[in-house]
Amino acid sequence: MNGKARRHLRGLGHHLEPVVRVGQAGVTEGVIRAAEVALLDHELIKVRVREAPENQKVVGAKLAEACDAELVQVLGKTFLLYRAHPEEPKIKLPD
């Protein structure tokens, strides 16, 4: 993903509310399933990290890898994940 696409996604994600929350158990199967469903529905999601055993960057990287998504941004206790819909992408990324 290039810088222009990341900037575009960060702009779109600024006003989003977190739809997935990672708690003290970290990245569990339940969190992965919730993120998978949310990515399929929205393509771009905001995730909030609360009291996780690892820092936000590590949690974001783990969840992105588990969901086959891109970690777009880590900002404070939240991060953005992006994965294009396999059949009908809603978000058009700039070239």
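Trainee: Is V31 buried or exposed, and at what relative accessible area?

Mentor: The model is predicted: local features need pLDDT of at least 70, side-chain atom pairs count only at pLDDT 80 or more, and totals for chains, interfaces and linings use all residues. Residues are numbered from 1 along each chain as its sequence is written, and side-chain values use heavy atoms, without hydrogens or water. Buried means under 20% relative accessible area, exposed over 50% and partly exposed in between, with a 1.4 Å probe and protein chains only. V31 is therefore buried, its relative accessible area being 10%.

Trainee: Which residues does V31 touch, leaving out those up to four places away in sequence?

Mentor: V31 belongs to helix α2; helices (H or I, at least four residues) and strands (E, at least two) are DSSP runs numbered from the N terminus. Contact means heavy atoms within 4.5 Å. Beyond those sequence neighbours, V31 touches V20, R21, V22, G26 and L63.

Trainee: At what angle do the axes of α2 and α3 cross?

Mentor: Axes are lines fitted to C-alpha atoms, for helices over the stretch in contact, and angles run from 0 to 180 degrees between N-to-C directions. Helix α2 covers residues 29-42 and helix α3 residues 56-67. Their axes come within 10 Å, and the crossing angle is roughly 65°.

Trainee: Which residues of α3 make the contact with α2?

Mentor: From α2, the contact takes in V31, I32, A35, E36 and L39. With Ala, Val, Leu, Ile, Met, Phe, Trp, Tyr, Cys and Pro counted as nonpolar, Asp, Glu, Lys and Arg as charged, and the others, Gly among them, as polar, the contact residues are seven nonpolar, no polar and one charged. From α3 come L63, A66 and C67.

Trainee: What is the order of the strands in the sheet?

Mentor: Two strands pair if DSSP finds at least two bridges between them. The edge strands, each pairing on one side only, are β1 (18-22) and β3. The sheet is open, with four strands and mixed pairing, in the order β1-β2-β4-β3.

Trainee: How many bridges join β1 to β2?

Mentor: Strands of a sheet pair through backbone hydrogen bonds, either parallel or antiparallel. The bridge partner of V22 in β2 is V49. β1 and β2 run in the parallel sense, and their bridges number four.

Trainee: In what sense does β4 pair with β2 and with β3?

Mentor: Strand β2 (residues 44-49) and β4 share five bridges, and K46 has L80 as its partner in β4. Strand β3 (residues 70-75) is also joined to β4 by five bridges, with L71 opposite L81 and E70 opposite Y82. In both cases the pairing is antiparallel.

Trainee: Which residue takes a positive phi in the hairpin of β3 and β4?

Mentor: Two residues stand between the strands of this hairpin. The phi in question is near 65°, and the residue is G76.

Trainee: How many residues of β4 are buried?

Mentor: T78 lies in β4 (residues 78-82) and counts as buried at 14% relative accessibility. T78, L80 and Y82 point one way from the strand, while F79 and L81 point the other way. β4 is largely enclosed by the rest of the structure, because the buried residues are five of the five.

Trainee: At what angle to β1 does α2 run?

Mentor: Helix α1 (residues 3-13) packs on the sheet, touching β2, β3 and β4, at about 60° to the direction of β3. Helix α2 lies across β1, β2 and β4. Its angle to β1 is about 165°.
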